[in-house]
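Hi,

Here is the structure I promised to pass on.

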Amino acid sequence: MRTVDPTNPPKPCDYFDLIGGTSTGGLIAIMLGRLKMDIEACIEAYLQISKDVFQPRKRKYDLLGRANDALKVRGRFNSETLKWGIQRIVVQAGENEEAKLRVEAHPKCRV
Amino acid sequence: MGLHTALLRNYDSSRPEGFDCAIWEAGRATSAASSFFDPIQIGRFQETFVDGGTGCNNPVDKVFEEALEIWGERARERINCFLSIGTGQPAERGFGNGLKEIASTVIHISTETEQTAARFARVNAPSIGAAPKREKIYFRFNVAKGLEETGLERHEDMAKIAAATKVYLSSPQISDDLIACAGALRSYCM
């Protein structure tokens with residue numbers, strides 16, 4: 001196998017015409033395909049966001065929260081933290097935090 | 001309200017069900033599929049994205065349908081490489097005594113994704129690639145052992161995930177597949 005040039009690593013968006021995913025795979029598809037990140041940057045961003053987001057909610061004394069959990073009316077983790085985490089990745093990739101998913105009609109790498 | 005699988009795209013589609021959303025909204029909506037996060041409303045009509053009861057946790061069929069929608073039937077013979085990556089295979093039934101501790105959703109989702117992968121390999125994968133087919137085009141990589149009890153929330157288990165992945169990738173069959181997959185991608189760029 002050829003070795004990878006560390007200063008200019010190949011990017012999946014230059015090799016794949018279409019990338020799809022659900023949940024974790026969906027986030028990765030966005031990072032690789034829409035934000036055109038290389039693998040290293042994507043791993044780094046995923047490690048950071050999963051660390052930030054998957055902190056269990058403090059629910060020991062949170063009776064309302066526990067009742068909500070029992071009724072399954074809200075998720076187990078903080079949705080706002082996930083929103084901010086994604087926005088930070090978008091900004092790090094050089095775009096506005098409210099940047100649209102679709103900015104071109106026919107992008108080279110579809111997500 | 002009918003539940004169905006929605007596709008969020010960064011491109012124009014001839015399909016009617018488009019969503020104009022921010023990147024973060026798309027990320028939130030797809031993550032709601034895990035049931036770990038609150039449902040979210042996005043798009044002009046504020047449609048709700050909820051957890052993955054719709055059973056599309058392995059989107060391989062959706063991606064293939066979408067490729068056919070974009071490039072037409074000729075996509076079948078023009079695809080050089082179709083790569084599918086999983087998040088760990090489920091434990092076999094009746095294995096060990098730790099099963100009780102595993103969230104039932106983890107088992108359910110990983111079982112469903114593997115069934116979908118097996119069906120795709122059987123039904124659709126043989127139709128991909130230009131005839132006469134000499135090379136493998138569809139690749140599925142999914143760590144076989146060691147991640148049975150690791151849900152996507154287990155960020156503290158990264159070392160374990162990395163170790164299990166390295167063991168999997170260094171097995172003879174899989175490392176051959178990796179080289180073949182890299183070859184398929186390289187041929188695309190030349």
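Predicted model: local features only at pLDDT ≥ 70, side-chain atom pairs only at ≥ 80, totals over all residues.

Residues are numbered from 1 along each chain as its sequence is written, and chains are lettered from A and ligands numbered from 1 in the order in which they are written.

Across the interface, 38 residues of chain A are in contact with 40 residues of chain B (contact: C-beta atoms, placed from the backbone, within 7 Å). Helices α1, α2 (39-53) and α4 (79-92) of chain A each supply at least two residues of its side (helices are DSSP runs of H or I, at least four residues, and strands runs of E, at least two, numbered from the N terminus).

Helix α1 of chain A (24-34) packs against α1 of chain B (23-31) at about 150 degrees, axes 8 Å apart (axes are fitted to C-alpha atoms over the stretch in contact, and angles run from 0 to 180 degrees between N-to-C directions). The two helices are therefore roughly antiparallel, a label for angles over 145 degrees. Among the residues making this contact are A:G26, A:L27 and A:I30 on one helix and B:I23, B:A26 and B:G27 on the other.

Beyond its neighbours within four places in sequence, A:I30 is in contact with A:L35, A:V111, B:I23, B:A26 and B:G27.

Best wishes

How values were computed
Parallel < 35°, antiparallel > 145°, perpendicular 65-115°, else oblique. Contact = placed C-beta atoms within 7 Å.
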